[in-house]
Amino acid sequence: MQLELTLQKTLLSPTRIFQLDVNITSNSQRIVIFGPSGAGKTMILKSIAGLITPDKGYIKIADKVLFDSTKKINLKPQQRHLAYLFQHYSLFPHLTVGQNIAFTLKKGLFNPNKKNFPPQAKQWIEKLELTELVDLYPQQLSGGQQQRVALARALTTNPCMLLLDEPFSALDYGLRHKVRHEINELQQQLNIPIILISHDVEDVKLFGEHVIEIQQGHLKG
Ligand SMILES: Nc1ncnc2c1ncn2[C@@H]1O[C@H](COP(=O)(O)OP(=O)(O)OP(=O)(O)O)[C@@H](O)[C@H]1O
């Protein structure tokens, strides 16, 4: 999928200034943005998702312009049709697995029904082999299971791209290896484009068809 991105953003804190200034063009279905902690990876991903607004820049995915500071285009996150999977999954602790997955599809104020899920939720519950877990709560799941629930919830909206923010960092070493390979297979099966950010070289090796290295807010090299 074609990605064109130019971003500039300055963040000021009392003790320092952080400047993000990057330019990325890619045709890859599997992009890894790699770099040390604090390099600006999450800021790039959140800018793509529409969760933070760059000072200046341009973001285009496929034929859709998501952000253009000169033309004052800034689509809302829900208009971008992207799914953002956070580092710590952000599941709702008071909702069951099934309700968590159905949550993004619900209309109105009430939580999703505990037993009847919309077809799009059912489809992902089955595909990600979560049928046996639908009645459990997030705290009753392993890290890998929570990860699958978060992924199912992200996929129910039919996103045109998955944004994965350090998706394996909360898992212990053994599970990280297993879940990394599961997600790799799933991405290939679904053929859904991903941008994955990580500071782990194993992610680069497995997912990095196009690797973008970032350091202190700038592309390396
Ligand atoms: N609200 C803020 N105000 C000031 N500086 C900020 C703010 N948010 C982030 N920063 C700074 O921006 C820089 C980039 O942060 P970002 O979260 O994008 O890094 P990262 O590469 O994703 O790191 P990590 O791998 O640790 O998640 C960091 O140096 C951080 O201190």
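This is a predicted model: local features need pLDDT of at least 70, side-chain atom pairs count only at pLDDT 80 or more; totals for chains, interfaces and linings use all residues.
## Strand β9

Strand β9 spans residues 194-198. It is mostly covered, with five of its five residues buried.

## Strand partners

β9 pairs with β3 and with β8. Strand β3 covers residues 30-34 and runs parallel to β9, joined by five bridges. Here F34 has S198 as its bridge partner.

Strand β8 covers residues 161-165. It also runs parallel to β9, with four bridges between them. L164 has L196 as its bridge partner in β9. Helix α5, residues 173-190, belongs to a β-α-β unit with β8 and β9. That unit is right-handed.

## Aromatic pairs

The model has three aromatic pairs. One of them is formed by F168 and F207. Their ring centres lie 6.0 Å apart, and the planes make an angle of 20°. The pair counts as stacked because planes under 30 degrees apart are put in that class.

The F168–F207 pair links distant parts of the chain. F168 sits in the loop between β8 and α5. F207 is in helix α6, residues 201-207.

## A charge over a ring

Another ring contact involves W124. K127 lies over the face of W124, at 4.6 Å from the ring centre.

Definitions and conventions:
Residues are numbered from 1 along each chain as its sequence is written. Side-chain values use heavy atoms; hydrogens and water are left out. Buried means under 20% relative accessible area, exposed over 50%, partly exposed in between (1.4 Å probe, protein chains only). Helices (H or I, at least four residues) and strands (E, at least two) are DSSP runs, numbered from the N terminus. Two strands pair if DSSP finds at least two bridges between them. A crossover is right-handed if, with the strands pointing away from the viewer, the path from the first strand over the helix to the second runs clockwise. Rings of Phe, Tyr and Trp (its six-membered ring) pair if their centres lie within 6.5 Å; planes under 30 degrees apart count as stacked, over 60 as edge-to-face and the rest as tilted. A charge sits over a ring if NZ of Lys or CZ of Arg is within 6 Å of the ring centre and within 35 degrees of the ring normal.
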